[in-house]
Amino acid sequence: MINNTKRSKLSNHSRIYRIILLLLFIIVFWNSKVFAYFLVDVESDPKYIKANGTSTSTITATVTIGQTGEPKAGALVIFMVGDYGSVDPVVETTDEYGKAQTTFTSDTTPAWAPITAQVTASMPGWEYSLTYIRTIYVCMVKIGLQVSDLFGSVEEAAEENPGAYIHRNIDNDNANTDGNGSPINDETEDTLSVENENDLNSISIDLQPADIYEGTVKIWRTNTKARVWSDSGKGAANAVVTNSTYKMWRLYDETERSDFNDKKTHLFVEGYLNTGNTLLTAEFRPPEGAVLDYDRVKCNFIAAKCGWQPTPQERENTETCFPYIIHCEWSITQNVTPNYNCIAWSVGITDRWMNPTIYDVILGEYVEEQWVEGVHYISIDKRYGNNDNAFDIEDDMDPFYYYTALYEPIAVDQTDAKAIYYDGYHGAKRKDGCTCGAGKWVMFESKCGDGPRIEHVYNQLDGSTIGYGTRCRYYK
Amino acid sequence: MVNKNGNKIIKALVTGLFILWFILGQNIMANDVRNEFEKSYQLWKEHCKKVAYSSRLEDRFNSPYYEEIIKLGPQILPYIVEKVRSDKDFVWIAWAGRRVASISSDPNVNPWAKESMLTWWEGGQKQTNERFELLYEEWKNARARGSYNEASRIEKKIKMSLGIAVFSPIMEKLEHGDENVIPLIQDMTDNEVNVKEQSVAEKVNTYKTWWDGNKKRLTVPFPDQQAIE
């Protein structure tokens, strides 16, 4: 019992002693001014710079004497960086205000760059020196706007010139019609999602580093030709930039930041109501002021617009014949008429049907021409060719083009051809003066049998199921 | 008396039934033809829609349904004309009309090739007869001048421009004793009727007999045909 009491007393003393020591230790470390000889403070101006390898931020280390708070002149400050960027100078001596400055130059890799200021001090009468280290972070920001267009992804260097080529959304993917059976262009539909919509191109905002919780991100357009959605099928709930000129996300607001992160890689741009172009810009603005970084894409909206869009039935008829024809890239330039065919139209004739040969069943002979219900049918073989009751390209087609239009089969390809002949008996005419495609498409025009006349990209009638065959001759 | 009256009643009933049967039979036959025409017409139209984008004319006519329409013969011409009137988007039906009527569309042999089917139809047999008269006079004059090539050309024109409807005025002339038409009939029938080594009188009889048997298939049921008969 006695031993236990003694032990208990000793133990209590020991505890008190330990607590006092602990309190002293805490006081010393808590109030560093007591213990620290120097105090080092580091600031960056600005905190956010562009990650472009040239932007700079001024780093200022302020050294003060711990006990008095007076500036410490003549202290050597060593500035150090981590994996990103560089500082110059690396070593600087504090001035009369205790300040040493260096310039941090950004890296091209966006990141939070740590910058460390190190000051070593020897206390008078001490044989030891103390090293003080302070680290701050500078954010090297990069914002990118990436877009894919009709021809693939757009290289950074080409984003503003020539830019991205995107359909003006004039087609009718969901086959909706108005009360008169006319097609309703998809660009005018935005309340509900458009079924089968496939004319919007993806666009994404890439803000780096990802862990920025300050400032704002904005995407804006220079005119209303572009609309931005968060779903390729559109729909009012997915509108991002449709009625306003921009959409801004405040990154310091958790809800908006979350919305931005959800949508930034799932954005879709639509060409709206007009061809021409729009500049789309994504920008980052740090909390302290002006736009720091932006990326811009020129969106060129293109569509076959010389004619009008087909009804669902006309579209089905055409697509059945031409498997490679693409919505928005063809239009009807004249309604169905049996008065002329493709070969006639390839030289601009609209009042005769040019057939390879014509056999008159009643007469029992090949004839040069026929008239039925006001339509004039001409045999190319008999009128222009070698009149051998058989059709071939050299002896019949070439003379036809020569006699009717002075064309010869000497064009190199579609780029300089006035007319293209397909070996299954089809002719297409260059669509003179057509600016559809803004130079990216070579547009031709074909009269499809007794069906409509259409404008189309030169190669989109290839592989026809109606026997047009292959492009084989280019006339000019 | 009773028996006599009974017989009369029975005879009247039998006659009445026969007439009824005849009329109904005709109607049923006509309806059958119309139905058959409609069916083939729709199927051919469907075919033409499928090949509408083809640049070759003949793709429209490479169809069994087109051939079925042709096989129905001149009796379907009123239906064809009806379609020409009502189904203006389907112009190819006029081709069937020309084929059934055996009229060429080549303006070199048919001076009226450019006229529409409706003009031809509404002109009726009367118009065909008038056209025939004109050409027949030319033909006779050419023969009288000894211009047999010219006569042959006119003969072709008569055949190609007036089609089967020309048989009616030709045979009428034969009926009225104009034996000049015999070479025309020979040509028109493509020598289908063998009159070799027959005398003129025999030929006349042969052709009259032949006409009696073929009148139906070689007569165009023009709107005015009833009046002419």
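Domain bounds, as used throughout these legends, come from an automatic or database domain assignment. The structure is a predicted model, in which local features need pLDDT of at least 70 and side-chain atom pairs count only at pLDDT 80 or more, while totals for chains, interfaces and linings use all residues. Residues are numbered from 1 along each chain as its sequence is written, and chains are lettered from A and ligands numbered from 1 in the order in which they are written.

**View 1. The two domains of chain B.** Chain B is divided into domain 1, residues 2-100, and domain 2, residues 117-223, and the C-alpha centres of domain 1 of chain B and domain 2 of chain B lie 26 Å apart. Where they touch, 10 residues of domain 1 of chain B are in contact with eight residues of domain 2 of chain B, two residues being in contact if their C-beta atoms, placed from the backbone, lie within 7 Å. On the domain 1 side, the largest share comes from α3(B), with five residues. By class, this side of domain 1 of chain B has six nonpolar, three polar and one charged residues; Ala, Val, Leu, Ile, Met, Phe, Trp, Tyr, Cys and Pro count as nonpolar, Asp, Glu, Lys and Arg as charged, and the others, Gly among them, as polar.

**View 2. The helices of chain B.** Chain B holds 10 helices and zero strands, where helices (H or I, at least four residues) and strands (E, at least two) are DSSP runs numbered from the N terminus. The radius of gyration of chain B is 22 Å, well over the 17 Å that the globule rule gives for 229 residues, so chain B is more spread out than a compact globule; this radius is taken over C-alpha atoms, and the rule is 2.2 Å times the number of residues to the power 0.38. The C-alpha atoms of chain B fill a box of roughly 75 × 55 × 30 Å, taken along the principal axes.

**View 3. The contact between the chains.** This contact takes 24 residues from chain B and 29 residues from chain A. On the side of chain B that touches chain A, α4(B) gives the most, with four residues, and by class this side has 13 nonpolar, six polar and five charged residues.

**View 4. The largest nonpolar core.** A nonpolar core is a set of buried Ala, Val, Leu, Ile, Met, Phe, Trp, Tyr and Cys residues joined through C-beta atoms within 7 Å, and the largest one here has 155 residues, those with the most contacts inside it being V269(A), I420(A) and I170(B). The largest share of this core, eight residues, comes from strand β9 (residues 129-149) of chain A. Leaving aside its neighbours within four places in sequence, I170(B) is in contact with V181(B), L184(B), I185(B) and M188(B).

**View 5. Strand β11 of chain A.** Both faces of strand β11 (residues 164-167) of chain A are covered, with A164(A) and I166(A) buried on one side and Y165(A) and H167(A) buried on the other. A residue is buried if 20 or more other C-beta atoms lie within 10 Å of its own, exposed if 12 or fewer, and partly exposed in between, with C-beta atoms placed from the backbone. Four bridges join β11(A) to strand β19 (residues 293-302) of chain A, and the two run parallel; strands pair if DSSP finds at least two bridges between them. In β19(A), C299(A) is the bridge partner of A164(A).
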